[in-house]
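Reader: I would like to learn how to read a structure feature by feature. Could you walk me through this one?

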Amino acid sequence: MEENKKIEREVSRREFIKELGYLAGGALLLSMPWLKSQTPEKLSEIKRQGTCARVALIGCGSRGQYHLHNLKAIPHAEVVALCDDYEPNLKAAAEIFPSARQYSDYSSLLEASDVDGVIIATPLNLHAPMTLDALAAGKHVFCEKAMARTMSECRAVYEAYKRSDKALYFCMQRMYDPKYIKGMEQVHSGLIGEIVGLRCHWFRNADWRRKVPSPELERRINWRLYRESSGGLMTELACHQLEVCNWAMGRMPETIMGMGDIVFWKDGREVYDNVNVIYRYSNGVKINYESLISNKYNGMEDQILGHKGTVDMTKGIYYLEEDNQLSGIRQLLREGKEKTLGAIPTAGPSWRPETRKDYVPHTLVAGEVSVNSGQSTVGADNDGSDVILSAFCQSCITGEKAENVVEEAYCSTLLCLLANQAMDEKRIITFPDEYKIPYMKF
Amino acid sequence: MDKNKVIAVITLADVIREVAVFGACLIIAIALNAYAIVHYQTEWSELYTEFGFVLTLALILYVARCVVKALILVLWKCVKLLRRKMKR
Ligand SMILES: NC(=O)c1ccc[n+]([C@@H]2O[C@H](COP(=O)([O-])OP(=O)(O)OC[C@H]3O[C@@H](n4cnc5c(N)ncnc54)[C@H](O)[C@@H]3O)[C@@H](O)[C@H]2O)c1
């Protein structure tokens, strides 16, 4: 049964590769070079050699266990060790991989010579210290997003990565999601014309709180709610979406402004439960970012707006302006009718309220598209998380780094942290020079 | 034969005239379509993709012209009737 599932998942991964048509040297690989480290040719070579990546998980909470389930379906991965300093979570993970060694201290795990790579799924404030220690110990690293809790930590991780010969991944799964890859290909080929705006939002109606067995564990278990360990909605949710915006624009925003408040969940938390942020690119295009967790009507959407159409990446759908444009003769008659019968004949068409019309949806990817409603705090199925994890396991074997993944994570994490700063200080922030890296274009 | 009964005879000339009038309506509608394409900078393919709409428009123009013509006729008949009564 398990074996069948493994084969099924492996087939769907191959389908993903086939669907995208990214064969070695293809145009897709030039524009999305991070996919180069996991081409089908490289994967079959690994299979032929029969080698396996020996990986360990640090942080066996909800996301860690989600990764363990995905690892079960990756044939070139072997989970050799698990680490968590919270006994119940370590036990739960051990039930998924009973043969893996168990650690409560990650430093001892890093000393193990039979571990090629580590997967870090701990609270945000531990990402940087653990990643730095793991790279220093000579391990390949796959760390959860966001990159780090502070900008200086981000810089330290980026520098360490540049010095290291080890592979480093941050779980920016949209970079490996077929809908986003296809969508971005279409956006860059001019399908929706010139990008004129970006609209992203993430709405939930849930407090983020977890049950705590005893009060002294509150800050450990509910780490997302406290500033020492969390950047709130920005690092937890916006991080992925800002990466998509930069990917579409091929550059970084210059200025950031926003407002954040605790509007509804006044339960002692320190992070905002309601944020509105605007990022401005040098050409005037803006990202309008909005997130709140006390109303889920609008769900999660990553929209790229062009002068000829709109791509909704989250649904793998695009809409063309022309689909909703009336023919000349119909416009003429409508205008004539409005001029003669309209309430105020002197007002032009802009005066009347323009409510959203029903556009014709076109799909980006043929066949069934896996759509994430954005309501799960753990992760969705087939959202690219399994593919990026598989790519990491490949890198553990080949030693090949995935291009741009660290840089993209660095850029989007900095944008999250700068937005928090802008909201805290209630001012417009210009991207600081000291955090610019050669990868960034403004 | 009843003296008061009016027999309406549609002559070939009538048919030709009506066809010509409808042709004129169609030309007006096509011209409007071309003007709208230029004015709103839409596709020239609308000359045929919107032909059904244009045909309907021509029909509406034709019917409107018929209604106006009928109204004028009725009005004219009423005026004539009134004059006759006044003379008596
Ligand atoms: N990429 C995504 O879409 C996505 C989705 C969900 C969560 N995440 C990220 O995954 C990470 C974990 O989130 P989560 O929801 O699983 O949190 P969690 O609280 O459920 O799990 C964190 C685990 O880390 C363990 N831990 C804490 N300190 C440790 C230490 N010093 N040594 C070993 N283990 C330690 C905790 O005991 C806990 O089991 C976060 O960074 C989060 O942002 C990413």
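**Reading the features**

Author: Happy to. Let us start with one residue: Gln331(A) lies in helix H12 of chain A, which spans residues 328-341. Please keep in mind that this is a predicted model.

Reader: Is Gln331(A) buried or exposed?

Author: Gln331(A) counts as buried, because its relative accessibility is 18% and the cut-off for buried is under 20%.

Reader: Which residues is Gln331(A) in contact with, leaving aside its neighbours within four places in sequence?

Author: From chain A there are Gln325(A) and Leu326(A), and from chain B there are Tyr40(B) and Thr42(B).

Reader: Let us turn to the backbone. What should I expect there?

Author: Most peptide bonds are trans, and most residues other than glycine have a negative phi. In this model, the peptide bond from Lys145(A) to Ala146(A) is cis, with omega near -10°. Ala146(A) sits in the loop that runs between strand E5 (140-143) and helix H8 (151-163) of chain A.

Reader: Which residues have a positive phi although they are not glycines?

Author: One of them is Lys426(A), with phi of about 50°. Lys426(A) belongs to the loop between helix H14 (405-425) and strand E15 (429-430) of chain A, and it is exposed, with a relative accessible area of 72%. In chain B, Gln41(B) also has a positive phi of about 50°. Gln41(B) lies in the loop between H1 and H2 and is exposed at 70% relative accessible area.

Reader: Next, salt bridges. How many are there over all chains?

Author: The general idea is that side chains of opposite charge can pair when their charged atoms come close. A search of the whole structure finds 30 salt bridges over all chains. Take Lys179(A) and Asp177(A), whose closest N and O atoms are 3.0 Å apart. Lys179(A) is buried, at 5% relative accessibility, and Asp177(A) is buried too, at 2%.

Reader: Where do Glu185(A) and Lys182(A) lie?

Author: Both are in helix H9 (residues 178-188) of chain A, 3 residues apart, or about one turn of the helix. Glu185(A) is partly exposed, at 31% relative accessible area, while Lys182(A) is buried, at 18%.

Reader: What about Asp433(A) and Lys436(A)?

Author: Their salt bridge has its closest N and O atoms 2.8 Å apart. Asp433(A) is exposed, with a relative accessible area of 56%, and Lys436(A) is partly exposed, at 32%. Salt bridges can also link up: Arg209(A), Glu218(A), Asp267(A) and Arg269(A) are joined in a network.

Reader: Which residues gather in a patch of positive charge on the surface?

Author: They are Lys77(B), Lys80(B), Arg83(B), Arg84(B), Lys85(B), Lys87(B) and Arg88(B). Among them, Lys80(B) is found in helix H3 (residues 51-87) of chain B.

Note on methods:
Residues numbered from 1 in each chain as written. Chains lettered and ligands numbered in written order. Predicted model: local features only at pLDDT ≥ 70, side-chain atom pairs only at ≥ 80, totals over all residues. Heavy atoms only, no water. Patch = residues over 30% accessible without salt bridge, like charges linked within 9 Å, V, L, I, M, F, W, Y side chains within 5 Å. Areas by Shrake-Rupley, 256 points an atom, 1.4 Å probe, with all protein chains shown as cover. Salt bridge = Lys/Arg side-chain N within 4 Å of Asp/Glu carboxyl O. Lys, Arg positive; Asp, Glu negative; His and termini not counted. Charge placed at Lys NZ, Arg CZ, Asp CG, Glu CD. Helix = DSSP H or I, 4+ residues; strand = E, 2+ residues; numbered from the N terminus. Buried < 20%, exposed > 50% of the residue type's maximum accessible area, 1.4 Å probe, protein only. Contact = heavy atoms within 4.5 Å.
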